[in-house]
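This report describes helix packing and strand pairing in one protein model. Please examine the sequence and coordinates shown below alongside the text.

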Amino acid sequence: MDKAPVSELVCTRISHDLIGNIGAVANAVELLEEGDMDFIEEIKEILKTSSGVLSSRLKFFRMVFGLNNANLSDKDLVEKTTQDYLKSVGNKNFPIILNFGDYSIKFARIMMLSVMIMADVTIKGGEINVFEQNCKLFVNISAVSKVSAPKTEDIKALLSGQKEEYLAQYAPVFYLRDLIKSSDMQICISENEAFGFVIG
């Protein structure tokens with residue numbers, strides 16, 4: 001798959017992930033303009049929540065999909081941005097918990113993309129683990145978590161080249177595949193946990 005379709009998939013995926021909260025902000029602003037103060041507390045809550053989600057996701061997307069970003073060399077910022085992104089996509093009743101072990105900052109963008117993919121397949125929350133071992137990055141969903149079998153099978157097929165289904169929901173997979181190919185690394189599916197990658 002060449003760069004143009006990947007960029008189209010990424011743009012579609014980003015738009016999809018932002019549009020709901022943009023709509024919520026627009027609706028809240030419309031209510032404010034109408035001057036109905038009966039719902040002012042609800043409007044404030046909508047604006048606070050939606051702006052927080054938009055901010056978290058935009059920061060994450062800029063680091064993951066943008067051009068070379070100096071922030072990718074700041075490990076604390078990389079981890080905070082990734083944690084904040086997960087909070088924006090998770091359900092407060094079923095949070096996605098991210099556990100960081102030691103890893104090299106050279107894996108920052110690849111790690112963030114991998115976590116995004118893991119969040120997409122996680123059902124009702126769970127734990128994602130990140131660590132480096134023997135110069136390889138491990139990103140996996142712990143065995144106690146549930147994952148979507150159809151999505152994990154699609155991702156395995158896309159990464160192995162057995163399938164080319166150009167769906168925007170899999171934009172991070174195509175982007176990750178391109179990054180790994182361009183850096184002369186390899187990616188393997190980890191079978192030790194519910195689902196995961198070994199990259200190096």
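## Basis of the description

Two strands pair if DSSP finds at least two bridges between them. Helices (H or I, at least four residues) and strands (E, at least two) are DSSP runs, numbered from the N terminus.

The model is predicted, so local features need pLDDT of at least 70 and side-chain atom pairs count only at pLDDT 80 or more, while totals for chains, interfaces and linings use all residues. Residues are numbered from 1 along each chain as its sequence is written, and side-chain values use heavy atoms, with hydrogens and water left out.

## The five-stranded sheet

Five strands form an open sheet in the order S1-S3-S4-S7-S6, with mixed pairing. Strand S1 (96-100) and strand S6 (187-190) are the edge strands, each pairing on one side only. On average, neighbouring strands of this sheet are turned by 15 degrees against each other, direction ignored; angles run from 0 to 180 degrees between N-to-C directions, and axes are lines fitted to C-alpha atoms, for helices over the stretch in contact.

## Strand S7 and its partners

Strand S4 (residues 136-141) pairs with strand S7 (residues 195-199) in the antiparallel sense over five bridges. Within this pairing, isoleucine 141 has phenylalanine 195 as its bridge partner in S7, and asparagine 140 has glycine 196. S6 and S7 also run antiparallel and are joined by four bridges; here the partner of isoleucine 189 in S7 is phenylalanine 197. A hairpin of four residues connects S6 to S7.

S7 is mostly covered, with five of its five residues buried (under 20% relative accessible area, with exposed meaning over 50% and partly exposed in between; 1.4 Å probe, protein chains only). In a regular strand the side chains alternate between the two faces of the sheet. In S7, Phe195, Phe197 and Ile199 point one way, and Gly196 and Val198 point the other way.

## Helix H4 over the sheet and against H6

H4 lies across S1, strand S3 (126-133), S4 and S7, and runs at about 165 degrees to S7. The axes of H4 and helix H6 (residues 171-182) come within 10 Å and cross at roughly 150 degrees. H4 is therefore roughly antiparallel to H6 (angles under 35 degrees count as roughly parallel, over 145 as roughly antiparallel, 65 to 115 as roughly perpendicular and the rest as oblique).

The contact (heavy atoms within 4.5 Å) involves Arg109, Ile110, Leu113, Ser114, Met116, Ile117 and Asp120 of H4, together with Pro172, Val173, Tyr175, Leu176, Leu179 and Ile180 of H6. By class, this contact of H4 with H6 has ten nonpolar, one polar and two charged residues (Ala, Val, Leu, Ile, Met, Phe, Trp, Tyr, Cys and Pro count as nonpolar, Asp, Glu, Lys and Arg as charged, and the others, Gly among them, as polar).

Helix H2 (residues 40-65) packs against helix H4 (residues 108-121) at an angle of about 125 degrees, with the axes 9 Å apart. H2 is therefore oblique to H4. Phe60, Phe61, Met63, Val64 and Phe65 of H2 meet Arg109, Met112, Leu113 and Met116 of H4. This contact of H2 with H4 has eight nonpolar, no polar and one charged residues.

Threonine 81 is located in helix H3 (residues 75-89). Threonine 81 counts as buried because its relative accessibility is 6%. Not counting residues up to four places away in sequence, threonine 81 touches Lys59, Phe60, Met63 and Met112.
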